[in-house]
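Keep the picture open while you read.

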Amino acid sequence: MKVYINGTFYPKDEAKVSVFDHGYLYGDGIYETLRAYSGQVFKPGEHMARLMHSARLVEMSLPMDGDGFLDAIDRTVRENGLSEAYIRVSVSRGPGEIGLDPALCPVPTVVIIAKEFNKYPESMYEDGIKVSVVKTRRNHPECLDPAIKSTNFLNNIFAKMEAKRAGAYEGIMLNHAGHVAEGTISNVFIVENGSLVTPPLIAGILDGVTRNLVIKLAEGMGMTVFEEPFTEARMWAADEAFITNTTMEVMPVTDVDGHVVGGGKAGDAARRLRAAYREEVARCLKTR
Ligand code: PLP
């Protein structure tokens with residue numbers, strides 16, 4: 001494996017950043033996770049727009065524009081000879097003297113890791129996954145805005161540890177108001193009477209690239225989509241539930257803390273949306 005660090009490729013074992021990097025010292029950094037299908041990055045513009053948005057929110061000036069990042073990402077995918085790839089782009093504040101002030105770090109560190117995409121077992125898409133609504137609340141937007149795709153991940157890690165203890169695959173976090181916010185690495189949807197319901201951005205969640213695409217696809221299929229707050233009890237009683245992200249795409253949820261959802265099998269809406277998602281991938285590949 002070759003890892004991109006600030007314009008140079010290093011073998012995995014030699015891919016190192018400074019212990020004085022404020023990403024390491026303080027969790028001061030932002031990132032994106034992308035997927036390549038047949039060697040082509042999916043929704044590149046959307047991921048770059050979010051990276052720029054995160055950079056603005058943490059007041060970091062990036063060393064490249066979106067096209068520069070996409071070129072570096074393409075090079076990393078090709079350098080590793082990948083077709084189906086998982087890609088992680090991290091931009092940390094960079095090395096600097098000890099102290100919180102970002103001004104101590106004149107040059108951010110850009111790391112791009114691309115590796116073979118490990119497919120989720122098809123059985124997960126058939127049977128759905130178990131999730132657990134955890135005690136750890138999602139960061140309050142006025143403390144650390146979840147709209148920032150930040151490498152400062154302890155909030156999500158605590159939720160993941162709780163979910164694991166509960167024997168669940170994903171932890172669902174509530175927000176400060178007690179409404180469902182999002183998963184540790186995913187956005188949440190429920191289906192009620194043929195309509196899709198998902199927490200609004202003001203619930204304090206990440207503006208998921210997959211979430212936005214799924215909303216568009218659902219509307220294209222004639223479904224009504226409500227972006228409105230809901231409680232965990234509505235998840236238990238929903239006709240279907242699923243979570244979304246760049247790597248899972250549309251993953252059915254069939255168990256919420258022991259409450260069986262959708263009869264314990266992937267529902268029709270989740271199946272159709274995943275199929276539509278795959279069609280969109282194929283369409284994007286063709287138009288390049
Ligand atoms: N919410 C959180 C907290 C995430 O970390 C992620 C992705 O990693 C998502 C939602 C889904 O975002 P996307 O669909 O852009 O991958």
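Predicted model: local features only at pLDDT ≥ 70, side-chain atom pairs only at ≥ 80, totals over all residues.

Which residues of α8 are buried? They are Ala 269, Ala 270, Leu 273, Arg 274, Ala 276, Tyr 277, Glu 280, Val 281 and Cys 284. Because they cover an arc of only 165° around the axis, they sit on the same side of α8.

**Around the ligand**

Now turn to the ligand, which is surrounded by 18 residues. The closest are Arg 50, Glu 182, Val 209, Thr 210 and Thr 246.

| Residue | Atom on the protein side | Distance to a ligand oxygen atom |
|---|---|---|
| Lys 149 | side-chain N or O atom | 3.0 Å |
| Val 209 | backbone N or O atom | 2.8 Å |
| Thr 246 | polar side-chain atom | 2.6 Å |

On its own, the ligand has 400 Å² of accessible area, and the protein covers 96% of that.

Start with Thr 198, which belongs to strand β11 (residues 195–198). Is Thr 198 buried or exposed? Its relative accessibility is 1%, so Thr 198 counts as buried. The side chain of Thr 198 reaches the backbone oxygen of Val 188 at 2.6 Å. Leaving aside residues up to four places away in sequence, Thr 198 touches Val 188, Phe 189, Arg 211, Ile 215, Phe 226, Glu 227, Glu 228 and Phe 230.

Thr 136 is found in the loop between β7 (129–133) and α5 (154–165). With a relative accessible area of 16%, Thr 136 is buried, because the cut-off is under 20%. Which side chain does the side chain of Thr 136 meet in a polar contact? The partner is the side chain of Glu 162, at 2.5 Å. Again leaving aside residues up to four places away in sequence, Thr 136 touches Asn 155, Phe 158, Ala 159, Glu 162 and Met 173. Thr 136 and Met 161 are 25 residues apart in sequence, and their C-alpha atoms are 9.9 Å apart in space.

Methods:
Residues numbered from 1 in each chain as written. Heavy atoms only, no water. Buried < 20%, exposed > 50% of the residue type's maximum accessible area, 1.4 Å probe, protein only. Helix = DSSP H or I, 4+ residues; strand = E, 2+ residues; numbered from the N terminus. Arc of directions from axis to C-beta. Near = heavy atom within 4 Å. Polar contact = N/O pair within 3.5 Å; in protein donor to acceptor, adjacent residues only side chain to side chain. Areas by Shrake-Rupley, 256 points an atom, 1.4 Å probe, with all protein chains shown as cover. Contact = heavy atoms within 4.5 Å.
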